[in-house]
Amino acid sequence: MAERNRRTVRDLRRGNRARVLQRLYFDGPLSRQELGPVTGLSSGSISNVVAELSAEGLLEEAGVVDSDGGRPRTLLRVAPDGGLLVGIDIGETRVRVELFDLSLTELARTERLLAQHGYDVERIVAHVRTGVADVLRDAGADPRRLLGIGIGVPGIIERDGPEGPDGTRGAVVHGQTIGWRAVPFEQLLREAVDVPPEVPLFIDNGAKTLGQAEMWFGGGRGAGAAAIALIGSGVGACVDHGDILDEDRTSLALEWGHTTVQLRGRRCRCGSIGCLEAYAGAEALRERWREAGGPLPEGADDETALAALLAAAYPARRGTPPDPVALALLDETAECLGAALADLVNLFLPERILIGGWAGLLLGPRLLPEIRRYANEYALRHAAARTTIEMGRLGPDAVTVGAATLPLADFLTRGGSRPEPGGSGAPPRTAVEAVRERHRTPVT
C-alpha cells in the first residue's frame, strides 16, 4: 500500500509539472497567476512546480507586466538552454541532421546526399552516426544534455520489432519504395550512434513528423483537424485530429502516395500501377519529363529535373513562350493531386490541407490554384466548402523540425524529467499513453 501511494504521489507531481511545462511551451510567456486557470492547479501547486522547474534550469523569467492596481507580474517561459534535441530527416535525396535547443532554434546542421548510393541501410546508419557527431561537435554541445533524437523516415513503422541483444525491442521500418524490408532501424542506430545509452530514439514516418511540425508551429496551428501532404521524390500524408494539448489527439500516417488515381496507369516504384506517386512524385515527374523529350542535364537528379520542368513551363525570360508539353504534364499532375486531395477531404473532413515537402514547395506556388480547382471538382461539395488548401509554412526543414518534436513531446509529457541512466533508451510508454495517464490522475 505504501509503495502504491508513493507511485501516486510521484505521478501526481509529474502530471502537475507536465501541465505547467506544456502550457508555458505552447502559450507562454505566462505569469503564475495566469497558469492557475489554464492548468487547473491551485496557487500553492503552481508555486511548488515553478520553484522546482526553475531550480532545474527548465524555466526562466521573461519580463514583467503591469497588473490592475497590484504588483507587477513576472512572466515565465521554458528556458531554451534547458536541453538539446536532434532532428533527423531520412529523405529520399539526402539525410539532414539538425541540433536544436528547447525553443527549436537551430544550433548546428549537416547534410549527406544519397544520390550516389541510394538507400543502402548501412550507409544511411553511418550518415546518421557521423551527422549526430558533427552537429554536437560544431555546436560544442555535451551529449549528456540530449533529451532525445527524433528521426523521420519513409515507410511504415512497426513499433515493437524483434528483441535485440540487450533484451529490448525497437522500431522496424518497412520501406517498400526504398527497398527496406523489416529493417531493425532503431537497433542499428542504437549500436552505431555515439550518445549516452539513456538518450531515447524516436522513429516515425516522415510525413507524420512534417504534420506534427505544421500542427505545432505552422499552418495547422489551431485546426481541429488537418491533413498534411508531403511531396518529395515520393508522396505521403498524415491526418491530425485534435488540439496539440488534447488528451484524445490522434495523428495518423497515410500511404497516400499509393492510392490509385489512374486505372491501368503508370507503373509505380512500389510495384503497383496507377499510384498517385507515379504521377506527382518528383522522381516520377523526372521520368515523365524525360519520356516526353524534355531537355534535362546529363545525370540530372530529381531536384534539378523538377526545376528544369518548371522553368520550361514558366520561363523567366519575358517573351519566351512556355513549353506546351511541360504545361500539359504539370496540369495532369495538378489534376492527380487535386483528385487525391479530394479523397482526403471526403474521408477525413479536415478543416485544412497543407502542402509541404521540398517538391511540394516548388510545385505549390505554380499549381495551387489548379490543385484547388480539381479538388473542388472531385470532392463532395459540402465537405470541400469546409476545407481550405494552403501551402505549409515551415519550409524544407519541416520534417527535421517535426522529428525534433518527437523527443520534445516526450520530454514535456514527462514533466521535464529525463530518462534514467542505464535504461534502454526508449520511453516506458508513448506520449499519448502518458498524457492519458496524467489526465486520469487527480490534480490539486
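**Second pocket**

β4 (84–90), β5 (94–101), β7 (146–153), β9 (172–175), α6 (206–217), β13 (235–241) and α13 (398–413) each supply at least two residues of its lining. Helices (H or I, at least four residues) and strands (E, at least two) are DSSP runs, numbered from the N terminus. With three residues, α6 gives the most to this lining.

For the terms, I work on a 1 Å grid over the protein atoms alone: a pocket is an open set of points where a 1.4 Å probe fits, with protein on both sides within 12 Å along at least five of seven lines, and lining residues have an atom within 4 Å of a point. I noted the volume of the second largest pocket as about 700 Å³. That volume is the space filled by probe spheres set on the points, which are joined across faces, edges and corners.

I found 41 residues in the lining; Gly-91, Glu-92, Pro-154, Leu-230 and Gly-234 lie nearest the centre. By class, I have 15 nonpolar, 17 polar and nine charged residues. Ala, Val, Leu, Ile, Met, Phe, Trp, Tyr, Cys and Pro count as nonpolar, Asp, Glu, Lys and Arg as charged, and the others, Gly among them, as polar.

**Conventions**

I number residues from 1 along each chain as its sequence is written, and side-chain values use heavy atoms, with hydrogens and water left out. As the model is predicted, local features need pLDDT of at least 70 and side-chain atom pairs count only at pLDDT 80 or more, while totals for chains, interfaces and linings use all residues.

**Strand β7**

I then checked β7, one of the pocket-lining strands. Eight of its eight residues are buried, so β7 is largely enclosed by the rest of the structure. Buried means under 20% relative accessible area, exposed over 50%, partly exposed in between (1.4 Å probe, protein chains only).

β4 and β7 pair in the parallel sense over six bridges; two strands pair if DSSP finds at least two bridges between them. Leu-85 has Gly-148 in β7 as its bridge partner. β7 also pairs with β11 (residues 201–205), in the parallel sense and over five bridges. There, Gly-152 has Asp-204 as its partner in β11.

**Other strands**

I read the order β1-β3-β2 in an open sheet of three strands with antiparallel pairing. Its edge strands are β1 (30–31) and β2 (59–65), each pairing on one side only. Two bridges join β1 to β3 (residues 73–78), and Leu-30 stands opposite Leu-76 in β3.

β15 (residues 352–356) pairs with β16 in the parallel sense over four bridges, with Glu-390 as the partner of Leu-354. In β16 (residues 388–391), Ile-389 and Met-391 form the covered face, Thr-388 and Glu-390 the uncovered one.

**Cysteines and Gly-274**

I looked for disulfides, that is, pairs of cysteine sulfur atoms within 2.5 Å, and the structure holds zero. The sulfur of Cys-268 has its closest cysteine sulfur in Cys-270, at 3.7 Å, too far for a bond. Cys-268 is buried, with a relative accessible area of 5%; Cys-238 is buried at 0%.

Gly-274 lies in the loop between β14 (250–254) and α7 (277–280). Its relative accessible area is 0%, so I list Gly-274 as buried.
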